[in-house]
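Biologist: I am new to this structure. Please show me the model, and then let us go through it in short questions.

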Amino acid sequence: MSAHTTTTADVHGHVDTDHIHGHEHHHEPTWLETYVFSTDHKTIAKQFLITGMFWGIVGGLLSVLFRLQLGWPNDTFPFLESFLGKWAEGGKISNEFYLAMVTMHGTILVFFVLTGGLSGTFANLLIPYQIGARDMASGFINMLSYWFFFAASVVLFISFFLQTGPASGGWTAYPPLNGLRDISINKGSGLGFDMWALAMTFFIVSSLLGGLNYVATILNLRTKGMSMMKLPLTIWAFMFTAILGILSFPALLAGVALLEFDRLLGTSFYLNMIVVNGHLLDYRGGSPILYQHLFWFLGHPEVYIIILPAMGIVSEVLSVHSRKPIFGYRAMVVSIMAIVVISFLVWAHHMFVTGLNPNLAAVFVLFTLLIAVPSAIKVFNWIGTIWKGSVRLSVPMMFAIGFVSMFISGGLTGLMLGNSPIDIQLHDTYFVVAHFHIVMGVAAFFGMFAGVYHWFPRFYGRFMNDTLGYIHFYVTLIGGYAIFFPMHFMTGLPRRYYTFANFETFNNFNFLTQFISIAAIVVFIAQLIFVVNFFYSIFNGRKVDVERTEDGHTYGNPWEGTTLEWTAPIERIHGNWAGEIPAVHRWPYDYSVNDKPYISQNTPLAPGEVEHT
Amino acid sequence: MLAFVTFALIVLFFTVLVLIGKTNELSEDIAGKGMNYDAKSKWNGYLLLGFVIAFFISIVYQVKLLAPIMIPKSASYHGEKTDNLFYVTLFFMTIVFILTQFALFYFAYRYNQSKNKKAYFYSHNNKLEVIWTVIPAIVLAVLVVMGMRVWFQIFDVESRDKNPLVVEVTAKQFQWMARYPGADGKFGHRVLDTAHITPTNELGIDWTDPNSHDDFWSDKLVFIKDKPVLVKLGALDVIHSFYLPHFRVKMDCVPGIPTQFYFTPKYTTEEMREYLKSLPWWNTINPETGEPRWKTFKYELACTEICGRSHYGMQKEVVVVKDQAEYDEWMKKQTPIYVAPKSESASVDTAAAPATAVSDSTGKEAPKSGKPVAALIKK
């Protein structure tokens with residue numbers, strides 16, 4: 001392993017000296033090359049982040065709109081008609097558009113924000129910086145990855161403006177509801193769904209291109225001395241996230257392709273004996289359940305694709321700001337691996353009540369509860385990291401702590417949902433909504449925010465504003481719990497209901513749905529504070545204390561981190577390091593050791609010092 | 001004008017926030033402690049500690065406020081077991097929840113840099129890590145074993161009653177069609193081809209089969225106390241899900257794939273009302289009916305798989321009668337489908353709850369949307 005690493009680092013270093021040398025008399029990159037069709041990982045990271053923020057606002061706004069309907073099902077909001085038009089005639093959101101919003105909210109948040117926006121941003125920013133590489137293995141493929149994501153975004157966004165509206169059969173897109181191209185069955189199953197499928201296809205291509213690049217980069221471009229066990233946990237998380245994506249996204253692509261065959265070519269992969277308005281359609285022999293298997297074969301790993309990068313970021317942030325090594329580094333690495341392996345064996349826990357063979361369910365219960373073990377290890381290790389630290393309660397640290405809190409709260413309810421007999425009652429109810437929003441929605445956002453606040457100085461050489469950051473944190477923490485915690489008590493109330501008025505059984509929670517809606521609006525506004533803070537701070541944030549060195553570059557390490565990204569010049573330069581790439585001599589968590597606050601990874605071992613293993 | 005004022009207010013709100021933020025930052029810089037987090041760590045430490053305490057108190061309050069409103073105790077035998085499993089899991093969860101949440105926020109407070117200047121270099125402890133791997137693993141193993149015992153009891157075909165009450169429920173957008181086998185206990189045969197499936201005979205019932213002659217549609221699901229029920233499920237157009245919240249029953253209705261659920265009701269509708277009468281919240285007056293809530297209590301059937309625009313309207317009442325005699329009496333009053341096969345689909349429509357019929361017509365035929373469905377239902 002180490003011989004291999006050295007070779008690639010040497011070769012790479014050689015190439016880069018040429019490059020840096022050639023840079024002086026080469027043509028200056030044009031504006032278009034620098035900011036739009038850039039192959040620089042730092043710029044691509046920003047592109048992913050800002051696109052993700054755009055989608056975050058759209059997805060959040062959709063949830064505010066459908067929360068208006070849920071909170072006040074008997075009232076009208078005339079202002080809605082002015083910008084939703086026929087979808088909200090008389091100021092009342094139509095039941096069709098309600099489903100479309102729920103569907104798009106799910107698709108946008110799961111894929112475009114928490115996969116593209118989160119993984120795309122931080123994997124791109126941190127992989128080259130933290131492993132000590134000039135850039136990704138292929139800058140061009142990396143650029144393509146973003147532009148496929150962009151294309152997916154454009155297609156999905158346009159689908160909002162169709163006559164029949166965007167897809168509206170749930171983000172999981174189960175057939176036959178989404179499998180019949182018949183708008184009398186479901187308006188969103190017309191062109192809206194075809195565009196959804198096209199957008200997802202582009203998205204999957206983007207994700208695969210990105211993922212392959214991340215893995216190739218991590219395995220091949222580590223700097224001299226950076227053995228795998230010296231990688232920061234962020235990198236481990238990004239690598240396993242990428243592997244998960246590479247292995248699972250193709251299943252969804254296949255699933256969606258077959259679905260489009262059924263819709264457009266008249267095949268029967270998922271359809272059998274469908275009767276519409278008393279007429280038996282010609283589909284024979286397919287199985288709607290097959291689609292669910294294909295979907296969840298991605299769908300479940302997908303939640304780990306979302307949460308693993310957040311876990312990596314949080315591990316790093318907790319350690320840096322506690323001024324302590326991450327507790328149990330090896331256990332953390334092993335638990336990520338365990339989660340990745342087991343996450344491929346749990347998908348059918350989404351399907352306990354589809355008529356799945358009960359014997360098969362037993363296997364999935366076992367693995368589902370088993371995956372709680374590595375998750376528990378991680379939680380204990382995070383808490384162990386804070387213990388006896390000298391905790392700097394900066395904004396990123398607050399979000400990291402919030403992440404752990406959310407992950408505990410949401411993760412524990414997974415033990416109920418994963419146990420099939422309990423799931424009979426809880427499946428597709430608000431209990432599930434509470435569970436996954438806390439554990440992979442809010443928690444992943446906390447991880448993302450921790451990352452943005454922490455690495456903002458790495459992006460822009462400035463800090464985000466602390467005061468606004470703390471306000472953002474507290475409103476989101478309290479508001480997040482105010483929205484989702486009470487939903488646990490709505491156990492048994494079905495999801496995706498436009499109103500509960502038709503049921504005696506479900507109609508008792510009106511005051512609570514209103515409370516939740518108000519909390520959702522407040523939390524949404526708090527996210528806008530984050531957006532304002534972000535863009536304001538790019539230009540006016542407090543500058544990072546820097547030191548100008550002889551090479552004419554400025555260096556700063558605002559959080560006193562040990563990892564390599566802080567050894568690179570704080571201003572954006574192509575190739576990341578001005579001179580040679582630093583070699584690595586120690587693990588990434590030497591905090592408060594040898595009477596020093598921290599020792600960077602590129603600091604050679606002191607005479608007599610034993611390497612941490 | 002209103003829009004402009006709103007917009008101006010929003011801009012003002014964010015401007016003020018940014019100014020406050022910037023002012024704080026500048027005053028810190030002037031005081032020369034820009035990157036010194038001592039003070040911030042101190043008050044945020046208190047706030048985090050305060051948060052976790054407030055969080056715990058709010059949970060107690062939520063339990064007090066919301067638990068009485070929740071769907072009441074299980075009305076079926078297997079449901080008692082699944083509920084029990086829920087509470088066992090909840091017990092373990094609560095312990096872990098309290099310990100970890102408290103430790104997390106307390107450590108953040110206790111070891112914040114204003115209180116603890118020097119971090120303790122402590123990278124791992126294998127013994128500790130083994131302990132906190134093994135203990136969760138044991139607890140989870142216990143939960144899996146308990147869960148699987150209940151699961152296989154629910155789905156154990158061998159031990160089932162050989163002569164249960166069989167009901168066939170077929171779902172379509174947006175209603176439930178419940179077919180009972182009539183006095184002979186046998187359903188008429190169904191032929192699934194274009195000759196038999198027609199707009200007036202969506203199930204493709206073979207009228208030449210004499211068993212079909214006493215089958216009847218029912219506007220509600222009627223079960224018998226302590227008599228096992230086998231619900232045979234299907235769907236015509238898209239996936240629906242058969243959900244009886246009070247009985248802890250849920251099973252998808254999948255077009256082209258038959259499914260079923262077997263369970264035994266424990267309490268009649270009347271017994272459930274009597275039970276609820278003993279609970280304070282159920283004695284409060286429902287403003288919509290002007291009656292105590294327990295009086296209008298009913299079991300209901302709902303759809304829990306997204307099935308289209310009126311997914312939320314697929315309601316059907318469920319009644320549990322006390323014995324076979326009461327059931328037989330009810331059955332005698334039903335009209336067989338065979339007697340009036342032509343009005344079959346119409347009879348389903350009129351029999352269905354008005355809410356369903358209304359929501360269906362709003363969505364499907366006349367796009368006279370804009371009229372709030374809920375408002376229509378209210379009438």
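Modeller: Start with a pair of strands in chain B. Strand E5 (residues 229-235) of chain B and E8(B) run antiparallel, joined by five bridges. Strands here are DSSP runs of at least two residues, helices (H or I) are runs of at least four, and both are numbered from the N terminus. This is a predicted model: local features need pLDDT of at least 70, side-chain atom pairs count only at pLDDT 80 or more, and totals for chains, interfaces and linings use all residues. Residues are numbered from 1 along each chain as its sequence is written, while chains are lettered from A and ligands numbered from 1 in the order in which they are written.

Biologist: Which residue in E8(B) is the bridge partner of B:Lys232?

Modeller: E5(B) and E8(B) are joined by five bridges. In the bridge with B:Lys232, the partner in E8(B) is B:Gln260.

Biologist: In what order do the strands of this open sheet in chain B lie?

Modeller: Two strands pair if DSSP finds at least two bridges between them. The sheet has five strands, and the pairing is mixed. The order is E3-E2-E1-E5-E8.

Biologist: Which strands stand at the edges?

Modeller: An edge strand here has a single partner strand, so one of its sides is left without a neighbour in the sheet. The edges are E3 (216-218) and E8 (259-263) of chain B.

Biologist: Is strand E2 (residues 175-180) of chain B enclosed or open?

Modeller: A residue is buried if 20 or more other C-beta atoms, placed from the backbone, lie within 10 Å of its own; it is exposed if 12 or fewer do, and partly exposed in between. B:Gln175, B:Met177 and B:Arg179 point one way from E2(B), B:Trp176, B:Ala178 and B:Tyr180 the other way, and all are buried. That is six of six residues, so E2(B) is largely enclosed.

Biologist: Which residue in E3(B) is the bridge partner of B:Arg179?

Modeller: E2(B) and E3(B) run antiparallel, with three bridges. For B:Arg179, the partner in E3(B) is B:Trp217.

Biologist: How many residues make the hairpin that joins E1(B) to E2(B)?

Modeller: Strand E1 (residues 165-172) of chain B runs antiparallel to E2(B), with five bridges between them. B:Ala171 stands opposite B:Trp176. The hairpin joins the strands through a link of two residues.

Biologist: How many residues does each chain bring to the contact?

Modeller: Two residues are in contact if their C-beta atoms, placed from the backbone, lie within 7 Å. Chain B gives 111 residues and chain A gives 112. On the side of chain B, the most come from helix H4 (residues 126-154), with 14 residues.

Biologist: Which residues does A:Leu412 contact, leaving aside neighbours within four places in sequence?

Modeller: A:Leu412 is found in helix H13 (residues 395-417) of chain A. It counts as buried, with 25 C-beta neighbours inside 10 Å. Its contacts are B:Met93, B:Val96 and B:Phe97.

Biologist: Where is the kink in helix H15 (residues 430-460) of chain A?

Modeller: H15(A) is mostly covered, with 28 of its 31 residues buried. The bend at a residue is the angle between axes fitted to the seven residues ending there and the seven starting there. The kink is about 45° and comes shortly before the proline A:Pro457, at A:His454.
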